[in-house]
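The following exercises are to be worked through with the sequence and the coordinates at hand. Each task is followed by a solution in steps.

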Amino acid sequence: MKADIVIVGGGPAGLAAAISAAKEDKSLDILILERDNELGGILNQCIHNGFGLHTFNEELTGPEYAARFEEQLDGLGIRYMLGTMVLDVSSGSVTAINSKEGVFKVNCGAVVLCMGCRERPRGALNIPGLRPAGVFTAGTAQRLVNIEGYMPGREVVILGSGDIGLIMARRMTLEGAKVKCVCELMPYSGGLKRNIVQCLDDFNIPLLLSHTVIDIKGKERVTSVVIAEVDERSKPIPGTEQEIACDTLLLSCGLIPENELSRSAGVEINPSTNGPVVNESFETSIPGVFACGNVLHVHDLVDYVSEESGRAGRSAARFVKNKATAEGPVIKIRNGNGVRYTVPSFVRVNELSDDLVIRFRSGNVYKDSYIKVLFDGETKLSRRKPIITPGEMEQVILKKEDLANTPSEILIEIAER
Amino acid sequence: MEKRELTCINCPMGCRITVTMEGDDILSVEGNTCKRGFLYACNEVKSPVRTVTTTIKVTGGLSDRVSCKTKEAVPKDKIFEVMEVINKASCKAPVAIGDVLIEDCAGTGILVVATKAVGSV
Ligand SMILES: Cc1cc2nc3c(=O)[nH]c(=O)nc-3n(C[C@H](O)[C@H](O)[C@H](O)COP(=O)(O)OP(=O)(O)OC[C@H]3O[C@@H](n4cnc5c(N)ncnc54)[C@H](O)[C@@H]3O)c2cc1C
Ligand code: SF4
């Protein structure tokens, strides 16, 4: 089989990358490979609203947002194969499997990795206790309730206050369950403020910050969990234990980009994001292999996924046309004080087609601070922010002209007052 | 005079809004970044509303459930009544996005519409 561009994964990242690549060059043959039996990725189970405010200026649910993109595929001549799992990726080809074709290879000019991320499973969290039924990741519970129409439990404790946990606290409550509390290990929530208001406060669900689950009880099914307060080093404080009766524990403890394919292809991975290291064009360390969306770094807003993936798709289209990667000066982007990572990691100035968007997350909560951009040690930009939290992605936009003098290094940092 | 602190839920910015009230009268709204935030704050202190999103049973379809939402936000204290009506209802495939599944849900005068397409078997 042959295609100009193969897109691995048909979630919002894959859809936006395919569409903008097709719009960049109508003659390109673009193929999306999706392992699920429908397009849309995680959006299919995100039936709540809040999607698309930036992109469409209206508030859509996940499935509606995905449909806006899916509608455009036929008109642009974009092909897709469902129930097709990609097994291997290299710079000029992709190997996949499905029940009709068996294992097959697609030779291609460029690949865009859009595999999304998966939830951190329980094993990774080291909670002691028995292994009864009734422990689910929040995303699994979301799939059960919203797609299969099956309630995983009646009395619920949620560990982790990421958005999926918050959304599921409301969802389970609406369906008649009693959500006893949401425990968060950190002294701040990892979720959006609006979700704390409309998912917890609206239903009087307590959010216990600096708390964790230290034991799970029950033989066949969860009967209770023991929670405790933790100190600054996340160690449980003796004497603060409380036993809470429940039949279900939901875990919402973060997402990990799904990069098994990228790793085995030899793509360089950034240990801070667990996603590929990319340049301004979202190209990984392997020429012709691009990455965007949650596989690159975890996003909380699908609008940003679509915007970023649009850029990645356009870059892939240009790569197929021009082939040779540009020569010329390269600017390194470094993360300074308070900044956990930046995407991209470096910029090839000659390849920059419009303004440079640098996205990053902080490593801590900062009140009344400045986001600073330094070119070779000299402050270029300083923006005051009342609050910066690790739960919300930040960005700075640098004008192409500003980069004309090509500093050798751009540093992003957070300066406290 | 009474000051109420709110977090706007209309977009992910989550602006902190302070509403100053004298009895039922709103004297000032501060902290919102845009007009939507102003309207949200005025509603929130008087009659808070929320959009309800859930699923509804489908018969004869490629899947057994379809996601749906109240077309407009319903009064906050009606959320559970709205859920009860939706949970008792069902619809027939095929369903298209935007199809009206329930008219006047729980006496709110508000429609429940499908947010996903489901083909028939
Ligand atoms: C529970 C939850 C709630 C959210 N709430 C909001 C919200 O309220 N507002 C908002 O704006 N954003 C929200 N988001 C964020 C947004 O939905 C995600 O950022 C977005 O879906 C990420 O898109 P993606 O395409 O990168 O990944 P995904 O949607 O995960 O798509 C990845 C796709 O790749 C496929 N795939 C993976 N590996 C392979 C392979 N080897 N072969 C073939 N296919 C493969 C998967 O099956 C999947 O379809 C939420 C996310 C979650 C999880
Ligand atoms: S006031 Fe405007 S910008 Fe601020 S959260 Fe509300 S809708 Fe968003």
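**Exercise 1: Backbone exceptions**

Asn57(A) is exposed, as its relative accessible area is 66% (buried means under 20%, exposed over 50%, partly exposed in between, with a 1.4 Å probe and protein chains only). The model is predicted: local features need pLDDT of at least 70, side-chain atom pairs count only at pLDDT 80 or more, and totals for chains, interfaces and linings use all residues. Residues are numbered from 1 along each chain as its sequence is written, chains are lettered from A and ligands numbered from 1 in the order in which they are written, and side-chain values use heavy atoms, with hydrogens and water left out.

Task: Determine where Asn57(A) lies and whether Ser210(A) is buried or exposed.

Solution.
1. Most residues other than glycine have a negative phi, and most peptide bonds are trans.
2. Asn57(A) has a positive phi, near 60 degrees, and lies in the loop between helix 2 (53–56) and strand 4 (60–61) of chain A (helices, H or I of at least four residues, and strands, E of at least two, are DSSP runs numbered from the N terminus).
3. Ser210(A) also is not a glycine and has a positive phi, of about 50 degrees. Its loop runs between strand 13 (207–209) and strand 14 (211–217) of chain A. With a relative accessible area of 18%, Ser210(A) is buried.
4. The bond from Val343(A) to Pro344(A) is cis, and Pro344(A) is in the loop between strand 23 (339–343) and strand 24 (346–348) of chain A.

**Exercise 2: The contact of chains A and B**

Task: State how many residues each chain brings to the contact and how many salt bridges are counted between chain B and chain A.

Solution.
1. Chain B brings 26 residues and chain A 28 residues (contact means heavy atoms within 4.5 Å).
2. The area buried between the chains is about 2,300 Å², with 57% given by carbon and sulfur atoms (buried area is the accessible area, 1.4 Å probe, that two parts lose on being put together, summed over both).
3. Ile9(B), Pro12(B) and Thr53(B) lose the most area in chain B, together 25% of what that side buries.
4. Four salt bridges are counted between the chains (a side-chain nitrogen of Lys or Arg within 4 Å of a carboxyl oxygen of Asp or Glu). Asp202(A) forms a salt bridge with Arg50(B), the closest N and O atoms being 2.5 Å apart.
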